[in-house]
Amino acid sequence: SSALFWIEEGRWNSLQGNLGLRYNNVAQKPNLGTELEGQEMANSAGQDVGPTPSITLQNRTFNLMSYSAGGLWNFMKDHGAGVAYTVSQRAPSAQELYSYGAHESTATFDIGNPNLNKEVSHNLEFNIQKTSGLFRGKASVYANRFNNYIYGYYTGQSVPDANDFSVVVAQQAAATIKGIEGELTYNWKQHGVGGRVFGDASQGSFDAGGNLPLQPAPRLGAEIAHQRNGWLTNATYIYSYQQNRLANWEQGPAPSYNLLNAGISYT
């Protein structure tokens, strides 16, 4: 992979602007002599339905062009409102192109697609922020429109000789992801105390209908930290809501959960 990029920034009184351009060349060159061993599959009733689909390894080269434009209006001291528009092109990963075998951590038998096209997304974001003072914050809303969104499709079949792992095939489709996120921070430097509350939520769907797979659930969280004489202690709590927006082939809903992290360090 090789890339060339250019970034330009400017300021005009209370306005700031930026432009970006990036060219990227990505080449995927697998060992074409690699043997891909097919496995017998079974349907949900346990009946034999033949071998896993075969793929033909091939070299792939992708020329990618991405660009962005954004602006920020400082409508009052330390307060800003911004907008950004980006077009991003992504090459399929080696796993998405060439996988052919059991994936232990996800309990799936992954099958890539060497004919995948580059993934293109058009992204629009609006944000507002406060950048100084004891209390600071930012919030944003965004929408991402994808051409050739790459995802793993569960075929409903499994491989008995691979622990009955589900067969997942790489596919592409037009899709849209919309979301919102924000945080409010507190920084009391005199006593070394800081904290923040944050949250995010998103929804992804196929343009033809149905939810995208493996979508994150909405989250809310809080963090507190204390720093003194080189010691830093912190604790973070995150509540993840139940995920009801599932792809047609997903089982669920995915339950809600609580996550607590705590740490101490010395510098």
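Which strands each supply at least two residues of the lining of the second largest pocket? In this predicted model, local features require a pLDDT of at least 70 and side-chain atom pairs a pLDDT of 80 or more, whereas totals for chains, interfaces and linings use all residues. Residues are numbered from 1 along each chain as its sequence is written, and side-chain values use heavy atoms, with hydrogens and water left out.

The strands in question are S9 (119-130), S10, S11 and S12 (193-206); strands (E, at least two residues) and helices (H or I, at least four) are DSSP runs numbered from the N terminus. A pocket is an open set of points on a 1 Å grid over the protein atoms alone, where a 1.4 Å probe fits, with protein on both sides within 12 Å along at least five of seven lines; lining residues have an atom within 4 Å of a point. The second largest pocket has a volume of about 240 Å³, taken as the space filled by probe spheres set on the points, which are joined across faces, edges and corners. Its lining comprises 14 residues, of which Lys138, Ser140, Glu181, Gly182 and Glu183 are the closest to the centre. Three of the lining residues are nonpolar, five polar and six charged, where Ala, Val, Leu, Ile, Met, Phe, Trp, Tyr, Cys and Pro count as nonpolar, Asp, Glu, Lys and Arg as charged, and the others, Gly among them, as polar.

Asp110, Tyr151, Gly152, Val168 and Leu214 are the closest to its centre among 19 lining residues. Two or more residues come from each of helix H1 (94-98) and strands S8 (108-111), S10 (135-159) and S11 (165-188), with S10 giving the most, five. The lining of the largest pocket divides into 10 nonpolar, seven polar and two charged residues.

Strand pairing (at least two DSSP bridges between two strands) also involves S9. Strand S6 (residues 79-90) and S9 are antiparallel over 12 bridges, and Thr86 has Asn123 in S9 as its bridge partner. S9 and S10 are likewise antiparallel, joined by 11 bridges, including that of Glu125 with Tyr142 in S10. The hairpin formed by S9 and S10 has four residues between the strands, and Gly133 in the turn has a positive phi of about 100°.

The whole structure holds 11 aromatic pairs, defined for rings of Phe, Tyr and Trp (its six-membered ring) by centres within 6.5 Å, with planes under 30 degrees apart stacked, over 60 edge-to-face and the rest tilted. Phe135 and Tyr186 form a tilted pair, 5.0 Å centre to centre with 45° between the planes. Tyr151, Tyr153, Phe206 and Trp249 form one aromatic cluster.
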